[in-house]
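Subject: Structure for your files

Hello,

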Amino acid sequence: MSGVREEEAVPVRSGPGGLIPAQPGPGAGESARKEEPAVDTEGAEPLGSGSGAGTDGVDSVIAGAGPVARPGERATVRLRDGDPEEAPRYAPEWLQLREGADAAARARELLDPLRIRLANLPGRAGGHVVHDLGCGTGSMGRWLAPRLDGAQHWVLHDRDPYLLHFAAVASPRSAADGSRVTVETRRGDVARLTPDALAGASLVTASALLDVLTREQIETLADACTGAGCAALLTLSVAGRVELTPGDPLDAEIAEAFNAHQRRSGLLGPDAVTMACEAFAERGATVRLHPSPWRLGAEEAALTEQWLRGWVGAAVEQRPELRDRAERYLHDRLAACAAGTLRVTVHHSDLLALPRPTDGAA
């Protein structure tokens, strides 16, 4: 692939008539700024991506979304009952559970080239503008904003206003150098993202998004970013490879069925990062790729348990003939997880695309 290398408290509105007190993100130190982030969470034109993009229905397994429902339970719910077009959302409990593993996995090696790019952009009074697509509960902003210098304004996009609420109230207050971080939210869909929507943007980010997109949606994303001349940091895309220790003869078969599940309905699943690299490179961007695996041991047992349920559940949904063997397999794996003897590496890739800047870039 050409150009690719491996490697103050103020009330805020939460909708018509609603108020949410702004809060710091998790882990904010006592030395953090006293000012709260300015947050505007009113509806806007559809721009961003839903955390549940590409899912089939509320009763189906959402691969990697976890936790998988036990009998009589639902891991995802519909925001408005009776609306067949409303996509299921990811459970915020699952997003909270995986946040630590995501933070540990993201490729810090891509931050220096990103910082250089942002430092060389023309100065702007409001600082850098960052669009976070499919933001979920806002974990990407909590991880990245405190690692970048300069004032930042984050625009959080998601299809689910419930998750946008979480993201807004838990957004970080300050950047690495103490500059202020502010945030607004927009509800919408990634398929409508355009260069005009990103006018003035410095950076587009997303986490665990690419693999739930289609080829056309990735091309739309690449068109929007390169057309606006803004960098893109797209993290934690599944790579289609999982390693479990100790091994089991059924590991490979479950992994193969899971990968097939991720490719259903035209979604790219583990092929997404390759497609994204090609799409950005074909549009003249310099692309860097770096591994970002989850490494799960005894201390991550709660996450490993829920990931296992989702992984095996998706495989069985894809290949029902696996059910009996998969039930025994899952029982044994969960027992090993509870005993602290199971180690799991879930491979992901992080991508940094640096398009040619345009006059509209921040």
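Angles under 35 degrees count as roughly parallel, over 145 as roughly antiparallel, 65 to 115 as roughly perpendicular and the rest as oblique. This is a predicted model, in which local features need pLDDT of at least 70, side-chain atom pairs count only at pLDDT 80 or more, and totals for chains, interfaces and linings use all residues. Residues are numbered from 1 along each chain as its sequence is written, and side-chain values use heavy atoms, with hydrogens and water left out.

Helices here are DSSP runs (H or I, at least four residues), numbered from the N terminus. Axes are lines fitted to C-alpha atoms over the stretch in contact, with angles from 0 to 180 degrees between N-to-C directions.

Helix α8 (residues 301–318) and helix α9 (residues 323–339) pack at about 175°, their axes 10 Å apart. The two are therefore roughly antiparallel. Contact means heavy atoms within 4.5 Å; on the α8 side the residues include Leu308, Trp311 and Val312, which meet a set in α9 including Tyr329, Leu330 and Leu334.

Helix α5 (residues 215–228) packs against helix α7 (residues 272–282) at an angle of about 40°, with 9 Å between the axes. In α5, the residues in contact include Ile218, Leu221 and Cys225; those they meet in α7 include Met275, Ala279 and Phe280.

Regards
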